[in-house]
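Good morning, and thank you for the time. I shall go through one structure, region by region, and give each criterion where it is used.

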Amino acid sequence: MTTYVESTVRFPYKRSLGPVIGQFMTGLTEARLLGIRADDRVIVPPVEWDPETGEQLAHEFVEVGPAGTVRSWCWVEKPTTQHPLDRPFAFALIELDGASTGFLHAVDAGRREAMTTGMRVVPRWRTERRGHITDVEAFVPGDQPLPVERAEPAGEPVTMMTYDAEVHYLTPVTENETRVGQAAAEGRFLGLRCPRCARLYVGGKNDCPICAVALTPQDEVDLPQRGTITNYVIITPVQYPGQTETEPFARVHVLLDGVDVVLMFQPVVDLANDDVRPGVRVSAVWTPPDGTGRRALAGWRPTGEPDVDDPALVNRIH
Amino acid sequence: MAATEPVAIIGWSVSPMERRTDKTEAQLLLDVITDATAHAGISRADVDFTCAGSCDYVAGQAFSFVQNINAIGAWPPKRDSHVEMDGAWALYEAWVRLQLGDLDVALATGSGRSSTADPATIYPMEMDPYYLAPLGADAVSMAALQARVLLDAGLVTERQMATIAARTRRDAVANPHAQVSGEFDVDALLAGEYVRDPLRRHDLPPITDGACAVVLARGEKARELTDRPVWITGFAHVAEAHQPGVRDLRVSTSAARAAKAAGVAEGGPIDVAELQSAFTHEEPVLTAALGLGPEVAINPSGGPLAANPIMATGLVRIAEAARQIRDAGKRRALAHATSGPCLQQNLVCVLEEGR
Ligand SMILES: [Zn+2]
């Protein structure tokens, strides 16, 4: 039976803005909305190339707004975590005064009945502005600009922006994967032998990639606990989000005896980084049972047997 | 662009369409590739080139398409490609690849588990990263903004939109793959709450897990493999500006250009069209842009309003259009796929019967 695993993936991007978007974002820090001239039109927010012709636009910026007219809108009754407001609001295409195009942003109108096409709106600026599209917290109904705090000229131009989205995933864990996990909790490796080509796989594969046939519990085989390091990498950790290692550490590929594919990126036990090399004979080390009796693979420890002397071993990366 | 070498669809498979499948994307693909190659009367070994359409953000995994290759049977090594697009664009690439003349058989796939995450949090990540993504600009909001423009312009009414929903759901009754089908009263639909004013639940597609595979063969090889090839006689795709605010949302300029480039108006009438109109109001925009009159049957499968497997919905349109020729006796069919906010990019594929 398939089960599901929940995970949250963060996407913390840092982006360079270039001369046109950077100018717009710098304007936002000054509580100003800028467009770019394209022949007789003013495009807001500014783009680097003419959307009609694809020609690069001269960097002729025009201040627009702050008031504008709603040209289209929709009502978001239940905002997502990525939306700019956490209460019901409207997304709108707003034609800012002096602009020729619709600017997508939120309108904080309170209730759906307050929204009409053609209504006038003005921006509500954040006090702390960093050069980000959400420096405008939202537009609000009205024709008169709201008072702005700290609308002084920017010190340094804005050249970078961050975007940090989060997505919650619910991923299926197949029966084969679940059973391999259960075996591991008992300190066992479960393999799957392809009924067609007889290749022996590790890691709860769902199908034989060579034959493109499904593998089922009927194809299960208990695997040995010993194998050989075929390849390795010493990783010097960079402190990106989620990295918990702080010192250089090894990850190795292990080819279990009699198996056709390697276990990839395995940790090692009692093996110094300088001593990691292809050919080292290793055996599995399991953690003691936890409160629920479950074990986990701690890593691979040298057995003390002589190295396997096979120069081709290093090619075993799958 | 006119095909320099005739290429035909010789087999296809559409997976069951479900709100949440317990299969992985690779498992969905394993099944449809097995079925599509069987439908074409070939084995995986006969396929010279594969191209897949899928999306890492949907899968929640970098390079997720590498795992999907397990479904292809890529040994000995196969020529393979991938597009981070709907499978309809994968089929376009496969069609272009066959034009080179050195390969005979290609396979295109599209696959997606929409249920893996909330599509409303996935979609913004694929938008303009400076102006749109940080606002969480999701597909339903984008579509609703275009619907409002059409309603305000008097080009469509809410009743017309509900009528389209009722028709596609009725047509979908005969489609074993449909997720949403049945008899619905238009007045009852109109009495429903707005989900994203001006869109109601029936204006939106369902959230669907599914996959599709289509087999192509070139010229003589197609004739050798089947008595009933479905020939691709026109194929083009055109994109316009990404920012919806710079476009005239009352029309689809890129769909009209793609139709012209694919020769839709030449070579006789179109009998049936399968359109990737995932929102009800998109259908009148597309039929106008593609030059399809009231005599053309639109989405007899139920279309994306009946089942919307993200990254495969467009390819399913091509498979369903081919089915109309192969199994429903139609002579000339149009399949359409779209990508991007408010119908930003449009693909048109013309299919015809013949030896
Ligand atoms: Zn096999």
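I begin with B:Pro76, which sits in the loop between H3 and E3 of chain B. Helices (H or I, at least four residues) and strands (E, at least two) are DSSP runs, numbered from the N terminus. The peptide bond joining B:Trp75 and B:Pro76 is cis, with omega about 0°.

Before I continue, the conventions. This is a predicted model, in which local features need pLDDT of at least 70 and side-chain atom pairs count only at pLDDT 80 or more, while totals for chains, interfaces and linings use all residues. Residues are numbered from 1 along each chain as its sequence is written, chains are lettered from A and ligands numbered from 1 in the order in which they are written, and side-chain values use heavy atoms, with hydrogens and water left out.

Chain A also has a cis peptide bond, between A:Gly65 and A:Pro66, with omega about 5°. A:Pro66 lies in the loop between strand E4 (61-64) and strand E5 (68-76) of chain A.

Next, backbone phi. Most residues other than glycine have a negative phi, and most peptide bonds are trans. A:Asp270, not a glycine, has a positive phi of about 55°; this residue is in the loop between strand E18 (263-266) and strand E19 (281-286) of chain A. B:Met311 likewise is not a glycine and has a positive phi, of about 75°; its place is the loop between strand E10 (297-298) and H12 of chain B. Are these residues buried or exposed? Buried means under 20% relative accessible area, exposed over 50%, and partly exposed in between, with a 1.4 Å probe and protein chains only. A:Asp270 is exposed, at 60%, whereas B:Met311 is buried, at 11%.

I turn to the zinc ion. Its protein donors are the SG atoms of A:Cys194, A:Cys197, A:Cys208 and A:Cys211, lying 2.3 Å from the ion. Donors are N, O and S atoms within 2.8 Å of the metal (3.2 Å for Na, K and Ca); water is not among the atoms, so sites may look incomplete. Along the chain, the donors follow the spacing C-x2-C-x10-C-x2-C. The angles among the 4 donor atoms are 106 to 114°, and the site is tetrahedral, a label that requires four donors with all angles between 85 and 135 degrees. A:Cys208 and A:Cys211 are both buried.

How many cavities of 30 Å³ or more does a search of the whole structure find? There are 4. A cavity is a set of points, on a 1 Å grid over the protein atoms alone, where a 1.4 Å probe fits but cannot get out; lining residues have an atom within 4 Å of a point. Grid points are joined across faces, edges and corners, and a volume is the space filled by probe spheres set on the points.

The largest cavity holds about 100 Å³. Its lining has 14 residues, and those closest to the centre are B:Ala52, B:Asn68, B:Ile72, B:Asp80 and B:Thr109. Elements of chain B supplying at least two lining residues each include helix H1 (25-40) and strand E4 (105-113).

The second largest cavity holds about 70 Å³. Helix H12 (residues 313-328) of chain B gives the largest share of its lining, 3 residues. Among the lining residues are B:Met17, B:His177, B:Arg317 and B:Glu320.

How values were computed. On a 1 Å grid over the protein atoms alone, a cavity is a set of points where a 1.4 Å probe fits but cannot get out, and a pocket is an open set with protein on both sides within 12 Å along at least five of seven lines; lining residues have an atom within 4 Å of a point. Four donors count as tetrahedral if all angles lie between 85 and 135 degrees; four count as square planar and six as octahedral if opposite donors are over 155 degrees apart and all others between 65 and 115; anything else is irregular.
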